[in-house]
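This report describes selected local features of one structure. The sequence and the model are shown first, and the notes follow.

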Amino acid sequence: MSDWTTLVSAEELAAALGSDDLIVVDTRTSLTDRAASEQAYRQAHIPGARYADLDRDLSDHRKTTGGRHPWPDAADFTATLGRWGITPQHQVVVYDSADGALAASRLWFLLRVLGHRRVAVLDGGWQRWSALGLPSDAEIPAPQATQYEASFDARRLLDAQDVRGLLDSGGLLIDARAGERFRGEVEPLDRVAGHVPGARNRAYALNLADGRFKSPQMLAAEFAPLFDGREPSQVAAMCGSGVTACHHLLAMSHAGFDGAALYAGSWSGWIEDPQRPVATGDS
């Protein structure tokens with residue numbers, strides 16, 4: 001089994017099932033019906049997969065700031081990894097329903113900023129796995145608990161003040177929301193419509209073709225004009241709540257632009273302070 005650090009195909013994962021150093025995590029998420037997501041996992045999942053809930057396991061809703069999906073503390077997240085039996089040595093593969101845009105890319109980035117290199121998202125997700133007729137079962141694993149000791153790389157997790165500093169220094173902030181939300185024409189989730197002044201818009205869906213990620217070469221060709229010569233350390237991604245922004249971070253890493261940061265609070269965190277400026281339109 002090769003080291004997978006960004007994406008892995010269903011065929012490659014199927015061939016590696018049963019490997020001692022492989023752990024699979026199911027992150028299928030419905031933002032409108034949380035219970036349905038875990039119920040779907042209990043009915044059928046990739047053999048051996050643990051289940052991760054976006055709100056319970058990959059966010060910290062005890063926090064009153066930090067947007068709609070507050071970033072968890074490292075101690076809490078590593079305790080969750082320990083319950084799943086994950087160690088820093090494991091190859092982890094995460095998947096969601098289809099395109100990796102919700103909790104799969106979020107869990108990928110959580111692990112990457114812990115310093116966990118061998119973690120990848122299943123390209124095409126459960127949808128492609130099922131379409132290919134690959135193995136599934138309904139057994140709920142009982143992993144042997146372990147300890148995972150690590151801390152987050154703070155340089156890759158930005159708050160609102162960091163974002164202002166990034167933009168003031170000529171850095172790039174990429175907003176992964178759909179264009180109509182970026183422009184402030186519609187806002188289905190947050191109380192204020194618009195975007196962070198100075199941000200650039202690239203909808204996360206542009207990373208995909210026919211439900212799978214575009215090739216590294218194609219992604220590199222599309223991101224390079226946005227980067228405009230900047231290093232990844234001068235770039236950050238955001239969205240509505242710090243979830244689909246991770247899709248950009250995964251796509252950029254797959255394209256060879258590894259090392260960009262996440263504005264963890266994203267738009268829902270930005271508007272917590274009514275004094276922060278709001279822009280509408282394309283610029």
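## Terms and basis

Residues are called buried under 20% relative accessible area, exposed over 50%, and partly exposed in between (1.4 Å probe, protein chains only). The model is predicted, so local features need pLDDT of at least 70 and side-chain atom pairs count only at pLDDT 80 or more, while totals for chains, interfaces and linings use all residues. Residues are numbered from 1 along each chain as its sequence is written, and side-chain values use heavy atoms, with hydrogens and water left out.

Helices (H or I, at least four residues) and strands (E, at least two) are DSSP runs, numbered from the N terminus.

## Salt bridges

A salt bridge here is a side-chain nitrogen of Lys or Arg within 4 Å of a carboxyl oxygen of Asp or Glu. The structure holds 24 salt bridges. One of them joins R118 to D3, with the closest N and O atoms 3.0 Å apart. This pair links distant parts of the chain, 115 residues apart: R118 is in the loop between α5 (103–113) and β5 (119–122), and D3 is in the segment before β1 (7–8). R118 is buried, with a relative accessible area of 15%, whereas D3 is partly exposed at 41%.

A salt bridge also forms between the side chains of D73 and K63 (3.0 Å, N to O). D73 lies in the loop between α3 (54–57) and α4 (74–83), and K63 lies in the loop between α3 and α4, so the pair ties together parts that are 10 residues apart in sequence. D73 is partly exposed, at 38% relative accessibility. K63 is partly exposed as well, with a relative accessible area of 31%.

## A salt-bridge network

The side chains of R68 and D190 meet in a salt bridge of 2.8 Å, N to O. Distant parts of the chain are linked by this pair: R68 is in the loop between α3 and α4, D190 is in the loop between α8 (179–182) and β8, and the two are 122 residues apart. R68 is partly exposed, with a relative accessible area of 27%, and D190 is buried, with a relative accessible area of 10%. R68 and D190 belong to a network of salt bridges that also links D175, R177, R181 and E187.

R202 is placed in the loop between β8 (200–201) and β9 (208–209). Its relative accessibility is 7%, so R202 counts as buried. Contact means heavy atoms within 4.5 Å. Leaving aside neighbours within four places in sequence, R202 is in contact with I174, D175, A176, N207, L219, E222, F223, L226 and H248.

A polar contact is a pair of N or O atoms within 3.5 Å; within protein, one must be able to donate a hydrogen and the other to accept it, and residues adjacent in sequence count only if both atoms are side-chain atoms. The side chain of R202 makes such a contact with the side chain of N207, at 3.0 Å. Another polar contact, of 2.9 Å, joins the side chains of R202 and E222. The C-alpha atoms of R202 and F182 are separated by 9.3 Å, and these residues are 20 apart along the chain.

How many of the 10 residues of helix α10 (residues 245–254) are buried? The count is 9, so α10 is largely enclosed by the rest of the structure. The buried residues are A245, C246, H247, H248, L249, L250, A251, M252 and S253.

Axes are lines fitted to C-alpha atoms, for helices over the stretch in contact, and angles run from 0 to 180 degrees between N-to-C directions. The axes of α9 and α10 come within 8 Å and cross at roughly 110 degrees. That makes α9 roughly perpendicular to α10; angles under 35 degrees count as roughly parallel, over 145 as roughly antiparallel, 65 to 115 as roughly perpendicular and the rest as oblique. P216, L219, F223 and F227 of α9 make the contact with H248, A251, M252 and H254 of α10.

## Positive phi angles

D228 is not a glycine, yet has a positive phi of about 50 degrees. D228 lies in the loop between α9 (216–227) and β11 (235–238) and is exposed, at 60% relative accessibility. S266, also not a glycine, has a positive phi of about 50 degrees. S266 is found in helix α11 (residues 266–270) and is buried, with a relative accessible area of 0%. Just after α10, G256 takes a positive phi of about 100 degrees.
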